[in-house]
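Please look through the sequence and the model before reading on.

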Amino acid sequence: MKKFIALLIVTVITFGVTACSVRKDASPKELTIWTLQMNDFSDYMYKVIREYEKTHPNLQIKWVDVPFSEGEKRTLAAVMTDNPPDLINLNPDFSALLAQKGTLEEISPEALLEYNPEIIKALTYNDKIYSIPWYATSAITIYNKDLFEKSGIIRLPKTYKELYAISEKVKENAGVYTYLPTITENDTMVKILNKYGISEPEDFNSSDAVKVFEMFKTLYQKELIPPETITMTHREALEQYMAGKIIFYQGGANFLNLIKENAPTIYEQTDVTEQIKGPLGQNDFSVMNFVIPKRAKMKKEALDFCLYLTNAQNQLELAKITNIIATNSLALSDNFYNDTSDLTAKARSISAKQINKITPQLKQKRNQKEINTQVNTAVQTILLNKDSVTDCLDKLAKNLKSEEN
């Protein structure tokens, strides 16, 4: 009997030691996160990852940074497999497309109470949320104080209508253009129409839409905006600003550094103000978010890490090294966004406050890229006077409506 008890004790101790050894040596679970073009901030990313892993010793974060140009293609291929990344950084347009395909995990609204409600509303698709916001940008108006003074205009324009009204006087007095609207680039014109309450394809030939297109046609035909307007991108418009050929330029606060480095004389005359609005008074914005694939193996862990990565402290730290706008409400209320001590800080403060007024925001359609392309083609047709505004927009609305059906 004594021998049996002794043997039992030895067996229990041996088993216990073996079990402990197995638990101690067991490999941590691996959570994979993909980001877009964040390699320049690898120190920040690795710091956040290390700090999270310290409090989650059974979890190892595998970070993969993907070039912007490959993001959509690689993501689409990955989410259709049985082993996609657990967390993927995307833009809302592509996120909405994946949500339409049923490939994303739904996020509980209760998990996102710390984030700016306007941003959350913008990310809502069919009354459901499939994204966690990471960071945002909102264009400001950069302008040349010297040219503005020479133009004889007393008050800074706040709307497209006011820009239209001063364009002739600006060219007469200052010998420059008021601005270069890049209205055939991506969704620029669609966003302008949204500021006039026009967001559905069937409304693209409404009386308000006609007025908007007529306004730009008049500016173009009277040579009150550059002829390059019909094809130029925002980077080319920035070059026109740095060359002193336009007074106003709309873009992110990050463009101030480019102006400072490449056109220091122009930078000395530069100031910033709010972005140009329409009659509804809302602001344009862009946001980057995270999604969790439906087939991800570690969905719960992915959400927990994502909420950590995008909490107020980590968003604010990222904002201070990148000049992005936080989407976390606690971070947005920090004094960092109230600082106006220099031009960059002033631009950042204006941009952050604009995030609080972004509705009614443009809702992306399943065929949004095709909508953008057809609208841009209509812009070129109208500006070149190849068709009447009404006829062209009637054709546009009819084409888009038939495609939708």
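The sections below describe a sheet, the nonpolar cores and a cavity.

## The sheet

The model shown here is predicted. Strands of a sheet pair through backbone hydrogen bonds, either parallel or antiparallel. In this model, six strands form an open sheet with mixed pairing, in the order S2-S1-S3-S11-S6-S12. Its edge strands, S2 (59-66) and S12 (325-326), each pair on one side only.

Strand S1 (residues 29-36) and strand S3 (residues 87-90) are joined in the parallel sense over two bridges. Isoleucine 33 has leucine 87, in S3, as its bridge partner.

## The nonpolar cores

The largest nonpolar core comprises 62 residues, and those touching the most other members are Ile33, Ile61, Leu87, Trp134, Phe305, Leu309 and Tyr337. To this core helix H2 (residues 42-55) gives the most, with five residues. Another core, of 45 residues, lies apart from it and includes Phe148, Val170, Phe204 and Ile247.

Leaving aside residues up to four places away in sequence, leucine 87 touches Thr32, Ile33, Trp34, Phe290, Val291, Ile292, Pro293, Ala302, Phe305 and Cys306.

## The cavity

Rolling a probe the size of a water molecule over the atoms shows where empty space is left. One cavity of 30 Å³ or more is found in the structure. The largest cavity has a volume of about 40 Å³.

Which residues line the largest cavity? They are Val190, Ser199, Pro201, Phe204, Leu362, Lys363, Lys365, Gln368 and Ile371. By class, this lining has five nonpolar, two polar and two charged residues.

Conventions
Residues are numbered from 1 along each chain as its sequence is written. This is a predicted model: local features need pLDDT of at least 70, side-chain atom pairs count only at pLDDT 80 or more; totals for chains, interfaces and linings use all residues. Side-chain values use heavy atoms; hydrogens and water are left out. On a 1 Å grid over the protein atoms alone, a cavity is a set of points where a 1.4 Å probe fits but cannot get out, and a pocket is an open set with protein on both sides within 12 Å along at least five of seven lines; lining residues have an atom within 4 Å of a point. Grid points are joined across faces, edges and corners, and a volume is the space filled by probe spheres set on the points. Ala, Val, Leu, Ile, Met, Phe, Trp, Tyr, Cys and Pro count as nonpolar, Asp, Glu, Lys and Arg as charged, and the others, Gly among them, as polar. A nonpolar core is a set of buried Ala, Val, Leu, Ile, Met, Phe, Trp, Tyr and Cys residues joined through side-chain atoms within 4.5 Å. Buried means under 20% relative accessible area, exposed over 50%, partly exposed in between (1.4 Å probe, protein chains only). Helices (H or I, at least four residues) and strands (E, at least two) are DSSP runs, numbered from the N terminus. Contact means heavy atoms within 4.5 Å. Two strands pair if DSSP finds at least two bridges between them.
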